[in-house]
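Colleague: Could you walk me through this model? I have a few questions once it is on screen.

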Amino acid sequence: MTLRILSASPLVGNHLVTLGERFPTMIIAPYRSVAWTMGLSTAEALIVLLSEPISIQDLERAPRLKVIGTYSVGTNHLPLEACKARGIQIVNTAGVLTDATADLALALLLAVSRRIAEGEALVRSGTWKGWAPDQVLGTGLSGKTCGILGSGPIGRAFARRVWALGMKPVFWDRDGMNHAVDFGAGVARRLPLPELLASSSVVSLHCPLTEDTRGLLDRPHLDMLPAGAIIINTARGGILDESVVIEKLHSRALAGVGLDVYEGEPKFAADWLKAPNAVLLPHLGSATVETRNAMANQLCNGVAEALEAAPC
Ligand code: DGY
């Protein structure tokens with residue numbers, strides 16, 4: 001019997017259960033368990049999380065595979081070229097997590113620029129002696145330039161948010177085109193990367209991790225940032241050279257960093273824990289009840305439709 005859908009992890013809401021009623025041969029088996037690995041040989045669809053990478057060897061063990069659904073907008077954990085060559089369709093959750101991710105990037109920016117974690121720690125420490133003129137001074141954002149890497153839906157949603165704070169958004173994108181970007185609340189310039197970095201008080205990453213963007217913000221590029229700049233990364237680890245960023249936080253060349261993602265997560269460099277004004281989150285970009293429900297709904301419907309439309 002062909003196992004139509006193999007899934008490794010429960011999703012938020014009951015969407016996976018509903019999908020299982022539509023495809024009764026669906027099984028949920030822990031990622032890389034014996035049952036999961038054996039299931040590959042007959043599975044027509046896989047459902048994975050962004051923390052459950054699929055390799056080319058997995059594809060080779062799955063001769064009937066037609067669809068891979070991922071509970072994420074990012075697809076960097078999937079062998080995209082090999083899937084394309086085999087005609088395996090990828091279903092992701094693009095669109096429904098745009099606002100949640102842009103909100104989290106804004107939360108990180110405000111937390112870093114206003115030193116929220118330090119202020120909160122001061123109150124909790126019991127050592128706060130009262131208001132003082134120079135206590136936990138942050139950095140203002142209004143009137144400053146915000147460089148946004150990636151002009152897709154999340155980058156544009158983030159631009160609307162920083163525009164509302166009085167910042168001037170400018171964009172860079174990996175296609176190298178330098179035409180203007182309509183981000184909904186206005187139109188912003190698209191700049192070559194060196195020009196964007198040299199003029200931005202804040203740089204926020206909203207581009208996917210691809211061969212073009214891996215290691216993009218390396219030491220020479222990070223050296224182009226003005227003194228006291230802030231970096232926000234809610235995209236993917238691996239785009240930013242984290243060791244250079246940590247060094248620049250210690251030397252105060254950077255005023256602060258807000259990270260939601262790390263290269264090799266959930267492992268991350270222990271040096272982050274001692275880095276000044278680094279706000280560190282555990283990959284929460286899409287983590288609202290509404291968004292994770294909408295992602296599960298879109299993913300399960302998308303996988304069902306793709307399977308039903310796929311040739312037998
Ligand atoms: C995604 O869906 O790719 C995001 O990183 C989740 O937060």
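Modeller: Gladly! First a term: pLDDT is the predictor's confidence in each residue, from 0 to 100. This is a predicted model, where local features need pLDDT of at least 70, side-chain atom pairs count only at 80 or more, and totals for chains, interfaces and linings use all residues. Residues are numbered from 1 along each chain as its sequence is written, and side-chain values use heavy atoms, leaving out hydrogens and water.

Colleague: What is the mean pLDDT of the chain?

Modeller: Strand 10 (residues 202–205) has the highest confidence, at 99, and strand 1 the lowest, at a mean of 90. Helices (H or I, at least four residues) and strands (E, at least two) are DSSP runs, numbered from the N terminus. Of the chain's residues, 100% reach 70 or more, and the mean is 96.

Colleague: How many salt bridges are there between domain 1 and domain 2?

Modeller: An automatic or database assignment sets the domain bounds, giving domain 1 (5–96 + 290–309) and domain 2 (98–280). Their centres, over C-alpha atoms, are 32 Å apart. A salt bridge needs a side-chain nitrogen of Lys or Arg within 4 Å of a carboxyl oxygen of Asp or Glu. Between these domains the count is 0.

Colleague: How many residues of domain 2 are in contact with domain 1?

Modeller: Contact means heavy atoms within 4.5 Å. Domain 1 contributes 6 residues, and the number from domain 2 is 5.
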